[in-house]
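Please keep the sequence and the coordinates at hand.

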Amino acid sequence: MSEEKKKPSISEKIGSSLATLACVMAVLLCLLIVAQVYTQGYVKIAGFSVFRVVTGSMEPNIPVGSLLLSQQTPISEIEKEDIVCFVSKEPPTKGKIITHRVVSVTKQADETILLETQGDANLIADRYYVTSENLIGKVAWHTKEGNLMAALMGFLTNKVGFLICVLVPILLVAGFILKNCVQNIRKEMDVVLQEVEKEERISGGGLLTQEEYAEMEERIRQECLEEIKQGVQKNDGRESPEKTE
């Protein structure tokens, strides 16, 4: 009969479950970020996107290196003087994220809304209008120059920082899973070894040693010889039956 395993406590079970859940959530978040970066060029979570300003087109209001938060907003709610983020259509910056101020809002006959944008530091407006197709959202918040959070985001948005941001959670999850696997294997091995040792003890207690076997064999032989001798003596002492005419 095998010995009962030591069951983990409720707190240990809850802690293990929470740690596993956190690791899984971190991996899913990283995968979501990677997928969005490669498909649309930026990350959007719950309608919000974070960008770092790399040019001086919005200075002095938004300096280079500032961190800004863009909130997804319908183009019908955008007004003049709002600062918006959009995907550029102009040839020199096509496909890049631009942050400029709305200088005019035009509504066409087919109800299509066009936003004319211009950087605060630029002398002329952008050549292409912003439409609902390339609008990302309205800037809801931005940092000032020399902000620590902006510096941290600047590191995370470069290739090395982004790679670290993706790899570290994955490695942590892999290490956590590997640790649990090793612990489970060790526990199973301990149980098996205990079973083997117990079986060996039981088997060892039921078998006779060579000396014990020889003694038992000699005792049985002596008992058999004694019984044979007694039988012979009885037959010798018995009277022969009388003959009848």
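A residue is called buried when its relative accessible area is under 20%, exposed when it is over 50%, and partly exposed in between. The model discussed here is predicted. E111 has a relative accessible area of 52% and is therefore exposed. Its setting is the loop that runs between strand 4 (97-107) and strand 5 (113-118).

Although E81 is not a glycine, its phi is positive, at about 80 degrees. E81 belongs to the loop between strand 2 and strand 3 (83-87). With a relative accessibility of 46%, E81 falls between the two limits and so counts as partly exposed.

Another backbone feature concerns a proline. The peptide bond that leads from E59 to P60 is cis, and its omega is near 5 degrees. P60 is placed in the loop between strand 1 (48-52) and strand 2 (67-71).

These loops can now be set within the whole chain. The chain contains 4 helices and 6 strands, and their order along the sequence is α-β-β-β-β-β-β-α-α-α. Among contacts with a separation of 6 or more, 54% are accounted for by residues 24 or more positions apart. Of the 245 residues in the chain, 23% are buried.

Part of the surface is a nonpolar patch of about 800 Å². The residues that make this patch are I10, I14, L18, L21, V24, M25, L28 and L31. L31 lies in helix 1, which spans residues 10-40.

Which residue can illustrate the buried class? T117 does so, because its relative accessibility is 0%. T117 is part of strand 5. Leaving aside residues up to four places away in sequence, T117 touches V84, F86, H100, R101, V102, V103, A125, D126 and V130. One of these, D126, is also joined to T117 by a polar contact of 2.4 Å between their side chains.

Taken together, T117 and E111 show the two ends of the scale: T117 counts as buried at 0% relative accessibility, whereas E111 is exposed at 52%.

Technical notes: Residues numbered from 1 in each chain as written. Predicted model: local features only at pLDDT ≥ 70, side-chain atom pairs only at ≥ 80, totals over all residues. Heavy atoms only, no water. Helix = DSSP H or I, 4+ residues; strand = E, 2+ residues; numbered from the N terminus. Buried < 20%, exposed > 50% of the residue type's maximum accessible area, 1.4 Å probe, protein only. Patch = residues over 30% accessible without salt bridge, like charges linked within 9 Å, V, L, I, M, F, W, Y side chains within 5 Å. Areas by Shrake-Rupley, 256 points an atom, 1.4 Å probe, with all protein chains shown as cover. Salt bridge = Lys/Arg side-chain N within 4 Å of Asp/Glu carboxyl O. Contact = heavy atoms within 4.5 Å. Polar contact = N/O pair within 3.5 Å; in protein donor to acceptor, adjacent residues only side chain to side chain.
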